[in-house]
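Welcome! Here is a short briefing to read alongside the sequence and the 3D view. Take a look at both, then follow the topics below.

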Amino acid sequence: MMEMKVLGCALLFPLQIFLCLLRAIVRFFTRQKRRDLGTDVVLITGGGRGIGRHLAKEFAEQGARKVVLWGRTEKCLKETCEEISMTGTECHYFVCDVGNREEVYQQAKVLREKVGDVTILVNNAAVVHGKSLMDSDDDALLKTQHINTLGQFWTTKAFLPRMLELCNGHVVCINSILSLSSIPGAIDYCTSKASSYAFMESLTLGLLDCPGVGCTTVLPFHTDTEMFQGMRVRFPKLFPPLNPEMVAERTVDAVRTNTAFVVLPWTMHFLVILKRWDNHC
Ligand SMILES: NC(=O)c1ccc[n+]([C@@H]2O[C@H](COP(=O)([O-])OP(=O)(O)OC[C@H]3O[C@@H](n4cnc5c(N)ncnc54)[C@H](OP(=O)(O)O)[C@@H]3O)[C@@H](O)[C@H]2O)c1
């Protein structure tokens, strides 16, 4: 019986690939239906500054019903929240360290009671310690993994079950191109982002059979925020940093069109292919 099932799956596999390709081609040539954000409650971790702040503004601009910000620094959360509220979109903020499991579950409960069910979760918060393995102290290495990787486990566990009940939801991860192509000197960050990529890939596949609930993983190249300030890129004219507004705009568009993976800029696909090729030489 088991063998028959395996054989059936193996025979269906080429057909599934063909259907996926067909769907991708149709999507490429037709204007896609966009999700109306008018009933959505969007939670953005690390929403007070950097890319998260631009994401919050973009979701508000594109019609989200409510925007909620999480982060550790109250001052920037408050400023971003006030800026969004002034445009007419309901905005809330809560101080929450996503690397602290108990705090995430506690603040998720508070959020549900005070604001309502989250229908779009944007896992954006991250840190970089940015030292080699031998120069990093253990606590700093653990902290990056807690925030960049495990934080997503806790937030997704907190909000996904209700999305599945409602058959309405979207989980977003602001990852990095470094999850597919590491650099030296940021071992904590690259490891955490590679792990986060695997998490999203697995989640995306697991949710394929769940109507109304989708995932988006965004893989940006170096972006002009505080995170990698001072980082030297080899050919800065050829590879200028992205601006965070553009990353936010493309992310919201990917959510609205239910696009699973977005590489920014798209030319970075070549880098990933070249790297794979180089690894095999
Ligand atoms: N900048 C780049 O070159 C680049 C490139 C590719 C991908 N990305 C990704 O884009 C995302 C945003 O990065 P960014 O460039 O905007 O960096 P950023 O300017 O340093 O902002 C990071 C954000 O994460 C929040 N955060 C950090 N630790 C947190 C914690 N424990 N709990 C809650 N919030 C926390 C920060 O707020 P508080 O400090 O107040 O908590 C801040 O809002 C990250 O996932 C990053 O990996 C960035």
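**What surrounds the ligand**

Sorted by class, the shell around the ligand is made up of 13 nonpolar, 10 polar and five charged residues. Please keep in mind that this is a predicted model. The points below begin with the ligand, then turn to an annotated domain, salt bridges and some backbone details.

**The ligand and its contacts**

- In total, 28 residues surround the ligand, and the closest are T73, N124, Y189, T223 and T225.
- Two helices each supply at least two residues of this shell: helix 2 (50–61) and helix 6 (187–206).
- Y189 places a polar side-chain atom 2.5 Å from an oxygen atom of the ligand.
- The protein buries 98% of the 880 Å² that the ligand exposes when taken alone.
- The backbone takes part as well: a polar backbone atom of G46 is 3.0 Å from an oxygen atom of the ligand.
- A nitrogen atom of the ligand, in turn, is 3.5 Å from a polar backbone atom of C96.

**The annotated domain**

- An unreviewed UniProt entry places the feature "domain: Ketoreductase" at residues 40–231.
- Residues 40–231 are 46% helix and 18% strand, and the end C-alpha atoms of this span lie 37 Å apart.

**Salt bridges**

- Side chains of opposite charge can pair when their charged atoms come close.
- How many salt bridges does the structure hold? There are 11 salt bridges.
- One of them joins the side chains of D253 and R34, with 2.8 Å from N to O. D253 sits in helix 7 (residues 244–256) and R34 in the loop between helix 1 (2–29) and strand 1 (41–45), so this pair ties together parts that are 219 residues apart in sequence.
- Both partners of that pair are partly exposed: D253 has a relative accessible area of 28%, and R34 has one of 30%.
- E79 and K75 form another salt bridge, in which the closest N and O atoms are 3.1 Å apart. These two residues are four residues apart in helix 3 (residues 74–86), so about one helical turn separates them.
- Salt bridges with shared partners link R53, K57 and E83 into one network.

**Backbone details to look for**

- Most residues other than glycine have a negative phi, and most peptide bonds are trans.
- Which form does the peptide bond from L264 to P265 take, cis or trans? That bond is cis, with omega near -10 degrees.
- P265 itself belongs to the loop between strand 7 (261–264) and helix 8 (268–280).
- C167 is a residue other than glycine with a positive phi, near 55 degrees. You can find C167 in the loop between helix 5 (138–166) and strand 5 (169–174), where C167 is partly exposed at 42% relative accessibility.
- N258, also a residue other than glycine, has a positive phi near 55 degrees. Look for N258 in the loop between helix 7 and strand 7; its relative accessible area of 43% makes N258 partly exposed.

Methods: Residues are numbered from 1 along each chain as its sequence is written. This is a predicted model: local features need pLDDT of at least 70, side-chain atom pairs count only at pLDDT 80 or more; totals for chains, interfaces and linings use all residues. Side-chain values use heavy atoms; hydrogens and water are left out. UniProt positions are given in the numbering used here, feature names are shortened, and annotations may be inferred rather than shown by experiment. A residue is near a molecule or strand if one of its heavy atoms lies within 4 Å of it. A polar contact is a pair of N or O atoms within 3.5 Å; within protein, one must be able to donate a hydrogen and the other to accept it, and residues adjacent in sequence count only if both atoms are side-chain atoms. Accessible areas come from the Shrake-Rupley method with a 1.4 Å probe; for residues, only the protein chains shown count as cover. Ala, Val, Leu, Ile, Met, Phe, Trp, Tyr, Cys and Pro count as nonpolar, Asp, Glu, Lys and Arg as charged, and the others, Gly among them, as polar. A salt bridge is a side-chain nitrogen of Lys or Arg within 4 Å of a carboxyl oxygen of Asp or Glu. Buried means under 20% relative accessible area, exposed over 50%, partly exposed in between (1.4 Å probe, protein chains only).
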